[in-house]
Every structure is written in structure tokens, then in C-alpha cells.
Amino acid sequence: MSLISKDSPGKELLLMGNEAIARGALEAGISVAAAYPGNPSSEIIGSLAEVAQEMGIYVEWSINEKVALEVAAAAAASGLNALVAMKQNGLNVASDFLFNLNLTGIRGGLVLVVCDDPSGISSTNEQDSRIAAIPADLPLLEPSTFHEAKDMVKYAFELSRSIQNVCLVRSVTRISHARGNVTLGPLPDRRPVPYFDTAKSLSTLPASVTHPTAHRKFRQARELLKDSPFNRYEGPEKPELMVVTCGSGVLFSREAVQELGLDARVGLLKVGTTWPLPETFVVHHLANAKKVLFVEEVDPFLETNVLEIYARHNGNLPAIEFFGKKSGFAPDVGELSPGLVLGLLSQLTKTPLPTRDDRYSADAQDALHRFAPVRSLAFCAGCPHRASYWALKKALALDGRNGVVFGDIGCYALGVFATGFHQAKTLHAMGSGAGMAAGFGLLGKLGATQPAIALCGDSTFYHAAIPALINGLHHRSDFLLIILDNSATAMTGFQPHPGSRVDAMGLEARPVVLEDLCAALGAPPVIRDPFDLEDTTAAIYDLLQKQGTNVLILRQECALVRAKRNQARRKVEIDQTRCIGEECGCNRLCTRVLKCPGLNWDAGAGKARIDEAICTGCGICAQICPSRAIDVQEA
Amino acid sequence: MTKDPFNVVVTGVGGQGNVIASLLIGAMLVDQGYKVTIGETYGASQRGGSVMSHVRISRTQQLGPLMPPGVADLVIALEPSEAARVLGTLGNPSTVSVVNTRPVHPVDVICGDLPYPDLAELFAKIDSLSRESYFISATDSALELGNPILANIVLLGAVAGANLLPISREGLEKAVSEYMSPDKVAINTEAFVRGIDLVRGRARD
């Protein structure tokens, strides 16, 4: 029995925002859920997958977000309720299909949850997805609490079924990855049998007919949302300042008002249906406003659209001063924080901020400066990527032609930093490392002399690198694709992918084997274990001397996956007599350069030591130690 | 808890189990009718970086997932320099700290770019920034129990033993069973009881 499948209406649980979203989908009676993992969205499908068999629903980790949306759309075209979830970057991948699906609509219910990551905490960008709702003519809801996330997703299915089109729900890191109280509702006991009615087609052609249909459905959504309980006003009737906010901004703003004692002066207009905005409701409240502050993440979406409503109703509304990102008052990048919202409110209402006493503050500053050393990004102890980057660095140095490493999305993206010895030189989108390397590999025809190397994880390979590999092979590009196969989608929580033997629900799946696939394309791969540094370095060097498109698979399980099995690990020890420390001349190769968290530099003794609480026994340090002072004992 | 809202920070380094520790605190309190919100901050890093959970507790309202500066009532630190980091921004003269004594060196220290603070001075600094502080050798106890990850539960036991939160062995057993899995109850309870014993043997102001 998992938390989200508890059949106990009225029970209050502590759920992660993503679990609340999943529970809302279960309460709406979904039959199908699909996604490609991506933080901060991963636990939505992850938690549904855990209960799939028990609940009698189908859940999959799809090969990418576009396919996930297509899988969900097939279910929704057959009268079922289907959920699809993705992060902001994923919406870009799914958009080609989304911007056609909106024209045909669906016959069941289809809710697309997109989880944005303001400040890019686990992302390469902090793109605001909400803008997509406007050209797609689709309604967009934004929850502001965990319980509301559950209720809103449930309602989104009702709305989707009513208008026979996709409904978008936008969450953010501070909702999806936070936890709070959620009161469970009832679970439905019956689901429809899927049936695709062939009497009518779901075709976009001609757009001159289907685009107006999409507009009609959108107007219907506007009508259904105009009195939505997800939009509320709290505060004095004629506030000195009105805060217009949505999503994570609601809790931060409410608390800042309380903290500054502004309850009688400041009102809160909480908007849950952010597209289309409830126009009459917005105009009604603007009529009582003198100053308006917009609090939202990341782009000025509410701000732009409220200002547009204000412009159209200008004749009937008072003069209002607007403060937000567009006015230059609030930061136009990054996520919200309580401190930021407190500062904005304090400034606009001329209310002093609470402060700590001076002596404590000085002591606290001292703690930050002297007692809290920076923790730079690093691969985990025993991470195979550290070994792969070490071998790559060595092979490129031996090759001597200043080879270019094109990076990609996954844990190994950290290869742009010191933990990957700064080897990766580009980082963009899923599969774009392979695509760029294939492109760079063609520049030899124009006189380029540097070798091209693409790095990509196993899951990323299936997601988006296969077309790039085929493109390179077809055009006879000279590049080396290195697939870092750690047997999981590690960055997002070890989800299975098309190479796995089990699927999301734990059922047997047919693995699409990496090496078979590459061989079938005409690039039979070389396979090495990155923990064998010498062998791996030699393989990379040899492949760099070969023309054409070549594939190297570096296969070693993710250290965290291995740790989960609680299997006995190899014991690594540094012989304190053989480690001659500062005398060695290696200049602390194992700690200064390799930077594995499993090692410590004992400055007092001037020697390296193993931290037995952290070391996972990979044995890389033993291979690079020039004094052979590190012993590895098999478990 | 004498205050509402009551703000707890559970801090440590990625992989030390602070997310589970905060989940269990939250689960035990939601079961007693509290509104609990938990937010996590991990800077730019999940691997080897600082990870901090804000656990915000109220009888009446669902608070935001992050607390404003300077309002922490209780800091539970799985790593001592992380306690200093949290107190630096969120601490105040009433904050109580419960701290694991075992350092985890940042890669910046391992590679020699930065020194790790002297432990005695670090503990003194934590103490000077706290109304009360408890230093617990949680990782050593966890290693004795066979897995360093249990240090988080040892610290929760210390929090219970010092009566800093209304949590108990029975509450932990229920929360582990419901939110993790029933087969993990025994080992976690053992770690929790170790923590209670440690703090009752070693508490100091």
C-alpha cells in the first residue's frame, strides 16, 4: 500500500506536491499516465508507477516527452482520462505535437502538468512555460498549495472533458518538491473501457476549420473558469496595496503580510486560473486598488495579462500604480523567496523589516565567513563519470589535437566543472551534444583539425541522441560518441529507460540493447569499464585516431544504484607508510586533482586517508597513486 | 513547542538523509493534527552540496515552503559546518541546535583550496549562536548499527530525548511504517533509541 493510493477519504497526509498531483489524477479516475523523467516533475509519474498495478492503471516512462504526450493522447482519444507530466524543457520537446493536438482536441480528459524550475535548481534554464498556453489556446491552472495541487488536477480533468481539449497545469519547484498537508478525497471505482470512435477523425486538416474550433473551446473554458473558486481575494475592501499573485507566490506573500503586520493595509488577489484570466473578477478588484504589486515566478505573465485587461477597461477604472518585473521594481530572473517578498512589501508600504540584534548578526556573519566552507558541485564518491572524465582527459592530452568535448544533460553535465576536470565544453539540451559533435565532425571538410567527442548518458541517448547519431553516420561525420551507460536515468531518481529489463510498473520489458541498436545503424560500439582507467584511456585514444562516426560505451553502474542494493563493497585503505604525502612529488594527485569525496587530506600528518563512511570502493584512486599506497580488497 | 509557527531546519550534505529526517518529523506532527510545510534548498547542487530542509509547523495555517531569514527555532545538523552555515542566516539568540559531530569535507577542502574549520572552534561558534546546543556523535552510532545513513535517525532520537519536538518512539514507528516501509521500522527504531540515550547522557547547555 502506497501513500497516494490510500482509500481513506478525509484522511490528512503529508504529501510532496508531486504526490498530491498524482493523487488528484487518481481521484479524477485516470487510466493512463506517461512522462519522461525530469526534475522537478519526476515524482508525479514515479508515485503513480508504484501504485499502477494495485489501481489497475497503465503507467510508463516514455522515451521522451513528445512520445509521452502521444501515449496519453491516444488514451484520451479513446475516451479515457490520461495524465502527462514533464519539466519545462520537456514541454519544448512535446510542443510539436501539442500545437497540433490542440486543434483536434480529445474525447476523454487529458491534463498536461508542466513543472517549472525557477532559478534552474536542477535544470539548464529557468524557462517559464506558461506562455505556451496563449498560442496553444489552452486553459492553464496554477496551484499555490499542496492540497490545492490535488484538487486542481482533479478539476483540470473535469474541465478537459467539458471542452474536449487539453488542460495545462503549471507547478514550480517550491510546490512540486515541497511537502504539506493534503486531505484525501474519494477514489472512483470504475473506469471506462477504451474505444476509439472511427466515425469521426481527429485530424488537424484543414486548419481553417480546426483553429476556429480550438478558439470556441477556449471561449468555453473562459466561461467555465470565470467564477472559479481557485481565484480569491483576501484583505481589506480598499487596500493601500494589492498583491496580485499565483503559485508559490501566494504563501510567501500571505506570510510577508502577516510578518510585517500589514493585514489591515494590504490585500491579496490570489489567482489560480492564470489563463484565461477571470476578467470580470480582475476588473472588480482593480476597481478598489491604488497600487498593485505582482508576485510571480519567473516571467511577468500575470503582470502582462492583468495590464492588458486594465488597458481595455481603463475608462472605468481608477489610476493605478503597477509594480512588478515590467516596471523594473521586482527582479526579472530567479525564484521567489520569503526574504525577497518581505523586501518588496516593506519598500512599498514603508514598513521596517524585522532584524536580528547587532551582536548576534556580527557573530552570524563570522560563522558564515570562517566556519562554513563552500561546497562545490562534485560527482558522488564512486561515480563512474569521474573515472570516464579522467580517462577522457588523459586520452585527449595524449592525442594532442585539442579535441572538443560536447556535453549533454544528466549528472555528467557536471563535467563542465572541476569535478569533471572541466572537460565538457558545451551544455545545452537533451541530445544536443551528439548533434553538435556530428556537426563539428563535418568541419574537417572545411579545414578543422580538432577531433569531436560527444558525451551522452544511456537515457539521454534513447531520448534524443539517436537522430543525431544517424545524421552523423549518414553524412560521414568524423566524431566519437561516448555513451556513459550507468544503467539508469540517474539524475532524476534511477527511472528505467528503453534499455531496461523492467518498466515503470516493475513488469518485464523488452530491452532495446544499446550495442545492438548502434550495430544495426552501422556503428558497432567498443565497450569498456571506466573503472579500468588504463584500458578506457587506450580505447578513447585509439578511437580518436579512426575516421568516421564511432561509438564507445563506458558501462558501469551508478554508485547510488549500487548502494541501494546494500551489496558488500570493496574495502579501500591507504597504507600510511607507503603514502609519502608531500614528499611524493605527485602533488596530492588523489585529493587535489581527482577530488573524490571518499578521500581526505590529513593536513596534520601530510597524508591522504580514506573516509570509510563515504568511500564506495571503486578503486580509481588506487590506480592513479604513483606510490601504489592504496590497497583495494575484494569484498 | 512553545511557539506558533515553529521553524525547524534539518541540514546536512547531499546523501546524508536529511530529506527522510524532515519527512518523518513532518509525518509525526501531521498525525497529531499540525499543519506542516517542508521545503528544501540545495543551492546549485544535489551531489556533495549543502542540503537544507525547512520544516514549518503551525496549529492553524499552511506556511510557505521556505522560512524568512533569522527565524529558526531548532536546527538539526547532520554535519557541523552546515550548522554554522544555517545559524549564519536563519539563527537567532533563541535557536536550539542539535549537531552531529562528524565532519564531511567539501571537495574544496579535499583538494586543498580551503581549510576545514578547527572542530573545537566550530563547536564553540555553534554554541555561541545557540540558546542551547547538543553535540551528538550520530555517525559513530550509525556505523555501529551498520549503516552511516542512520545518523539522521540517531539525531531525531536526540531531538526527542531532549524534548525539543513532540516526537516519540511510537510516533516514529508509525511514520516509518506508513511513509517508508514496515520492514524498516526495527532498524530505525534502534537508531532513534540510541539518539535518546546519547542526548540524555551527554546533554549540555
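**View 1. The buried residues of helix α18 in chain A.** In this predicted model, α18(A) buries A:Thr536, A:Thr537, A:Ala539, A:Ile540 and A:Leu544. Here a residue is called buried if 20 or more other C-beta atoms lie within 10 Å of its own, exposed if 12 or fewer, and partly exposed in between, with C-beta atoms placed from the backbone. The five names sit on the same side of α18(A) because they cover an arc of only 160 degrees around the axis, the arc being that of the directions from the helix axis to the C-beta atoms. Their packing partners in chain A are α14 (384-399), β17 (479-485), β18 (526-528) and β19 (549-555). The helix itself runs over residues 533-544, and its 12 residues reach 17 Å from first C-alpha to last, close to the 16 Å expected at 1.5 Å a residue; that expected span is 1.5 Å times one less than the number of residues. Helices (H or I, at least four residues) and strands (E, at least two) are DSSP runs, numbered from the N terminus.

A note on reading the labels: residues are numbered from 1 along each chain as its sequence is written, while chains are lettered from A and ligands numbered from 1 in the order in which they are written. As this is a predicted model, local features need pLDDT of at least 70 and side-chain atom pairs count only at pLDDT 80 or more, whereas totals for chains, interfaces and linings use all residues.

**View 2. Two cis peptide bonds.** In chain A, a cis bond joins A:Leu205 and A:Pro206, with omega about -10 degrees. Look for A:Pro206 in the loop between β8 (179-183) and α8 (207-225) of chain A. In chain B, the bond from B:Asp4 to B:Pro5 is cis, with omega near 0 degrees, and B:Pro5 lies in the segment before β1 (6-13) of chain B.

**View 3. Positive phi in two loops of chain A.** Most residues other than glycine have a negative phi. A:Gln164, in the loop between α6 (146-163) and β7 (167-172) of chain A, has a positive phi near 55 degrees. This residue is partly exposed, with 17 other C-beta atoms within 10 Å. A:Arg628, in the loop between α21 (620-624) and β23 (630-633) of chain A, has a phi near 50 degrees. A:Arg628 is exposed, with 11 other C-beta atoms within 10 Å.

**View 4. Where chain B meets chain A.** Contact (C-beta atoms, placed from the backbone, within 7 Å) links 56 residues of chain B with 49 residues of chain A. Among the elements of chain B that each supply at least two residues to its side are α1 (18-30), α2 (80-90) and α5 (138-144). The largest share, six residues, comes from β2(B). The predictor gives the complex an ipTM of 0.95 and a pTM of 0.97.

**View 5. Nonpolar cores.** A nonpolar core is a set of buried Ala, Val, Leu, Ile, Met, Phe, Trp, Tyr and Cys residues joined through C-beta atoms within 7 Å. The largest has 191 residues, and A:Ala72 and B:Leu155 have the most contacts inside it. Its biggest contribution, 10 residues, comes from α1(B). Beyond neighbours within four places in sequence, A:Ala72 is in contact with A:Val32, A:Ala34, A:Ala82, A:Leu83, A:Val84 and A:Leu110. A second, separate core of 82 residues includes A:Ala490, A:Cys579, A:Leu594 and A:Cys625.

Terms used:
Contact = placed C-beta atoms within 7 Å.
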